[in-house]
2 protein chains.
Amino acid sequence: MPRARQTPGRHDPRQAPRLRGKLTVEIGEAAALTEAGADLLSQIDACRSLSEAARRLGFSYRRAWMLVDAMNRRWPTPLVTTSTGGKHGGGSTLTDFGLRVLRGYRDVQLQLEAMLDQATTDFQQGVKPV
Amino acid sequence: MPRARQTPGRHDPRQAPRLRGKLTVEIGEAAALTEAGADLLSQIDACRSLSEAARRLGFSYRRAWMLVDAMNRRWPTPLVTTSTGGKHGGGSTLTDFGLRVLRGYRDVQLQLEAMLDQATTDFQQGVKPV
């Protein structure tokens, strides 16, 4: 097995280990809301259009549509509704329930980041190479 | 967009949303230790053999080897050493540094789980369907 490089970056702050937590909400063992899903909900809420939300995130329309569809099916009531026609050709919006789920997710995400920030110093001390 | 099912599972505890956090240690934007990596380190520590560790986790030997190699390269000193030959045909063990990294990871993982347990009740209250 090849050995690791021994020297570079020991004093380079970019090389300090950082803690990252990815939050997922599961319902019945299956992912009901992931980071990608939450980002998609945020963009739908911001621009009221699934295709524009997908574009901003660099998702294909198909991927975005399937993600919304999976979330809508996983939760007891839909997170996103889509209207067709009308003056502006329809659009996608978060339901009240979808807004509450997204806010709940963001709240926990902030708590998680605060916890990891706090834990980082101890972690970095503990793994300093001797 | 198909609508979600409205009825099932509303009072089924298996259907209550649960929070799950996946911890990754990054060095210079790249993953240096993931859940899979930590589980592999734990198994190497338990059975002192990379092939046995891989088998227990259902990883191919190739996947396990590449994961160890990537971790060894990412950290300033290796997490795993492999010896060849000898009475028992060689084996893999965690270095002292590898043990410290693994312990640090497990510590933070426990803190993360405790934090998510605490946050779950509020989250579930906030996303009760009306």
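Predicted model: local features only at pLDDT ≥ 70, side-chain atom pairs only at ≥ 80, totals over all residues.
Which residues in H1(A) meet which residues in H2(A)?

Residues are numbered from 1 along each chain as its sequence is written, chains are lettered from A and ligands numbered from 1 in the order in which they are written, and side-chain values use heavy atoms, with hydrogens and water left out.

**View 1. Helices H1 and H2 of chain A pack against each other.** From H1(A), the residues A:Asp39, A:Leu40, A:Gln43, A:Ile44, A:Ala46 and A:Cys47 meet A:Leu50, A:Glu52, A:Ala53, A:Ala54, A:Arg56 and A:Leu57 of H2(A) (contact means heavy atoms within 4.5 Å). By class, this contact has 8 nonpolar, 1 polar and 3 charged residues. H1 spans residues 35–47 and H2 residues 50–57; their axes lie 8 Å apart at an angle of about 125°, so H1(A) and H2(A) are oblique to each other. (Angles under 35 degrees count as roughly parallel, over 145 as roughly antiparallel, 65 to 115 as roughly perpendicular and the rest as oblique.)

**View 2. In chain B, helix H2 meets helix H3.** Here the axes of H2 (residues 50–57) and H3 (residues 61–74) come within 9 Å and cross at roughly 115°, so H2(B) and H3(B) are roughly perpendicular to each other. B:Leu50, B:Ser51 and B:Ala54 in H2(B) touch B:Tyr61, B:Ala64, B:Trp65 and B:Val68 in H3(B). Sorted by class, the contact has 6 nonpolar, 1 polar and no charged residues.

**View 3. A rotation of 180° brings chain B onto chain A.** The shift along the axis is 0.0 Å and the RMSD is 0.0 Å (copies are superposed by least squares on the C-alpha atoms of residues with pLDDT of at least 70 in both). That is the relation of a two-fold axis. In chain B, the C-alpha nearest this axis belongs to B:Lys22, 2.5 Å from it. The copies meet through the same surface, because 100% of the interface residues of chain B are also interface residues in chain A.

**View 4. A salt bridge joins A:Arg18 and B:Glu26.** Side chains of opposite charge can pair when their charged atoms come close. In this pair, the N to O distance is 4.0 Å (a salt bridge is a side-chain nitrogen of Lys or Arg within 4 Å of a carboxyl oxygen of Asp or Glu). The pair crosses between chains, from strand E1 (residues 18–27) of chain A to strand E1 (residues 18–27) of chain B. Over all chains, the whole structure has 18 salt bridges.

Conventions
Axes fitted to C-alpha atoms, helices over the stretch in contact; angles between N-to-C directions. Helix = DSSP H or I, 4+ residues; strand = E, 2+ residues; numbered from the N terminus. Nonpolar A, V, L, I, M, F, W, Y, C, P; charged D, E, K, R; others polar.
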